[in-house]
Amino acid sequence: MKKGIAASKGYAIGKVFIQEHEEIVISDAKVTDIQAEKEKLQKALVASREQLEKIKAKAVESMGEEKAQVFEAHITLLDDPEFTGAMELEIDNNSSNAMKAVSDVTNTFVMIFESMEDAYMRERAADIKDVSKRIIANVAGKAEGFEITEANTIVVAHDLTPSDTAQLDRSKVVAFLTNIGGRTSHSAIMARTLEIPAVVGLKDITTTVKNGDVVIVDGIDGDVIINPDQATIDEYVAKRENFIKEQEELKKLIEVKTVTKSGKRVEVCGNIGKPEDVHQVLANGGDGVGLFRTEFLYMDRDSAPTEEEQYASYKYVLEKMEGKQVVIRTLDIGGDKTLPYLPLPEEMNPFLGYRAIRLCLDRKEIFKVQLRALLRASIYGNLCVMFPMISGLEEFLQAKEVVDECKAELKAEGKEYSEKIQWGIMVEIPAAAVYADELAKHVDFFSIGTNDLIQYTLAADRMSEKVSYLYNPMHPAVLRLIKMTIDGAHKHGKWVGMCGEMAGDETAIPTLVEYGLDEFSMSASSILNAKKIIMEQE
Ligand code: PEP
Ligand code: MG
């Protein structure tokens with residue numbers, strides 16, 4: 001058995017087809033007939049366009065317009081004079097052969113994109129490489145793509161490009177396995193959309209199996225069982241049937257409003273880390289976004305995102321959610337999350353130190369950029385903003401003062417914002433839970449962050465394996481604090497959500513419903529199951 005990263009849920013049993021991308025050797029040879037070489041390039045561009053149009057049409061059918069956009073972007077690249085025009089120039093000026101011209105121009109573009117600040121733009125380098133590979137294959141006259149003829153095929157590859165994945169024929173391909181990639185690589189995301197089980201990051205699966213081997217793919221645990229015995233096959237056939245039945249049942253709940261048996265309406269929302277995650281929330285029937293961890297916008301880059309960049313991200317989420325509630329949390333950096341461009345003091349206990357709202361109130365110049373972006377984006381939807389790590393009233397009031405400063409600035413600049421934004425706090429420090437009935441007089445809502453609340457209540461570091469046995473969401477003291485928070489809010493007519501992992505925990509949901517929690521927010525893939533459990537409660 002081999003273990004990799006479970007990238008797309010489900011079970012499959014089938015025969016291996018190893019997809020080998022033929023290496024095309026690009027020579028440095030100069031050409032004499034410039035015109036003929038340019039025609040070769042043009043022909044390859046036309047062929048590439050025809051193939052991409054077909055792939056796009058197929059992708060629209062199997063994955064919807066939104067996901068198929070990536071191929072529209074590829075087609076646009078073929079029309080970009082700076083990209084394909086530069087290839088012609090390369091042939092003209094340096095007598096390069098067509099393949100070398102494509103390869104050199106691609107390298108320059110990839111370098112430019114890979115050094116960009118914006119993570120989205122950096123990712124576009126992969127698209128450029130994908131298109132370039134296609135053009136080169138067409139110049140070389142190599143057949144593009146691969147044909148699967150047998151049913152129950154498991155495609156095994158070093159990696160799959162988005163176009164490879166989109167072309168997988170679902171009537172024949174039942175799963176795929178790759179050497180590289182993670183849960184968030186393009187091919188993994190597409191596999192989830194196509195609902196094809198996939199395990200990625202298997203390191204050497206292309207050399208461990210051979211064509212025709214029978215393998216079991218477990219896309220839930222990330223296991224691959226090679227040439228299994230009959231008993232194991234039977235076991236997984238049963239697992240697969242169960243899984244399919246469960247999924248079909250859960251899908252019926254996508255459009256269903258979540259109401260308990262006694263008639264209480266409960267919101268089930270999704271947690272997101274980047275703007276595009278909203279699509280998963282919607283696809284899984286989420287009622288809204290219950291937590292947007294905005295610190296992810298600040299990570300993996302060399303400087304903080306500008307007001308304009310943040311504004312674009314928040315606007316995108318609000319627009320895509322079409323009036324559904326979106327709770328955006330202000331920057332929660334510090335603790336286990338650090339930024340290369342924002343040096344933090346060395347502390348003995350970073351989780352108890354300079355983090356989240358403490359840092360933002362101290363570094364108002366950073367805080368204000370985010371607040372201005374949030375205020376400006378607020379006109380595009382139903383926005384709630386919450387502050388993390390609030391320990392008492394003073395911090396909330398101070399944060400609101402900074403908000404007022406930003407509002408005044410925007411007004412003076414003639415920039416719009418909505419007056420309907422709800423302002424809330426995360427209840428993740430025990431003090432806030434104990435003091436909830438007072439805090440509730442001032443805030444519009446609470447969201448309980450159990451990931452931190454549990455660690456602070458039980459003094460059990462959430463990162464430490466040694467004390468993980470103490471980290472118990474169902475500890476009576478934790479439950480009391482949750483109940484106090486909910487009761488405190490309801491006393492003043494405010495609503496309470498929960499966005500820590502506990503909200504999606506099957507064993508905790510019945511108790512949380514009983515306590516009267518109004519909103520549950522969790523990873524998108526848990527939403528449907530949570531809906532089902534909530535609807536079974538009184
Ligand atoms: C929490 O503490 O429960 C929470 C949702 O926030 P984070 O996990 O980002 O600290
Ligand atoms: Mg937290």
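Modeller: Let's start with a definition: a charge sits over a ring if NZ of Lys or CZ of Arg is within 6 Å of the ring centre and within 35 degrees of the ring normal. Keep in mind that we are reading a predicted model.

Colleague: Thanks! Then over which ring does the charged end of Arg376 sit?

Modeller: Over the ring of Tyr311, with the charged end 4.1 Å from the ring's centre. Another case is Lys315, whose charged end lies over the ring of Tyr380 at 4.8 Å from the centre.

Colleague: Let's turn to helix 12. How many Å should its 14 residues span?

Modeller: The expected span is 1.5 Å times one less than the number of residues. For helix 12, residues 307-320, that comes to 20 Å, and the C-alpha atoms at its ends are 20 Å apart, so the two agree.

Colleague: And which residues of helix 12 are buried?

Modeller: Buried means under 20% relative accessible area. In helix 12 the buried residues are Glu307, Gln310, Tyr311, Ser313, Tyr314, Val317 and Leu318. Looking down the helix axis, you find these buried residues within an arc of 165°, so they line one face of helix 12.

Colleague: Now the aromatic rings. How do I read a pair?

Modeller: Rings of Phe, Tyr and Trp pair if their centres lie within 6.5 Å, and planes over 60 degrees apart count as edge-to-face. By this rule there are 9 aromatic pairs. Take Tyr11 and Phe243: their ring centres are 5.9 Å apart and their planes meet at 90°, so this pair is edge-to-face.

Colleague: Which parts of the chain does that pair link?

Modeller: Distant ones: Tyr11 belongs to strand 3 (residues 11-19) and Phe243 to helix 9 (residues 230-251), 232 residues apart. Tyr11 has a relative accessible area of 14%, so it is buried, and Phe243, at 14% relative accessibility, counts as buried too.

Phe367 and Phe387 also form an edge-to-face pair, 6.1 Å from centre to centre with 70° between the planes. That pair again links distant parts of the chain, with Phe367 in helix 14 (residues 364-377) and Phe387 in strand 12 (residues 382-387), 20 residues apart.

Colleague: Is Phe367 buried or exposed?

Modeller: Buried, because its relative accessibility is 0%. Phe387 is buried as well, with a relative accessible area of 0%.

Note on methods: Residues numbered from 1 in each chain as written. Chains lettered and ligands numbered in written order. Predicted model: local features only at pLDDT ≥ 70, side-chain atom pairs only at ≥ 80, totals over all residues. Heavy atoms only, no water. Helix = DSSP H or I, 4+ residues; strand = E, 2+ residues; numbered from the N terminus. Buried < 20%, exposed > 50% of the residue type's maximum accessible area, 1.4 Å probe, protein only. Arc of directions from axis to C-beta. Phe/Tyr/Trp six-rings, centres within 6.5 Å; stacked < 30°, edge-to-face > 60°.
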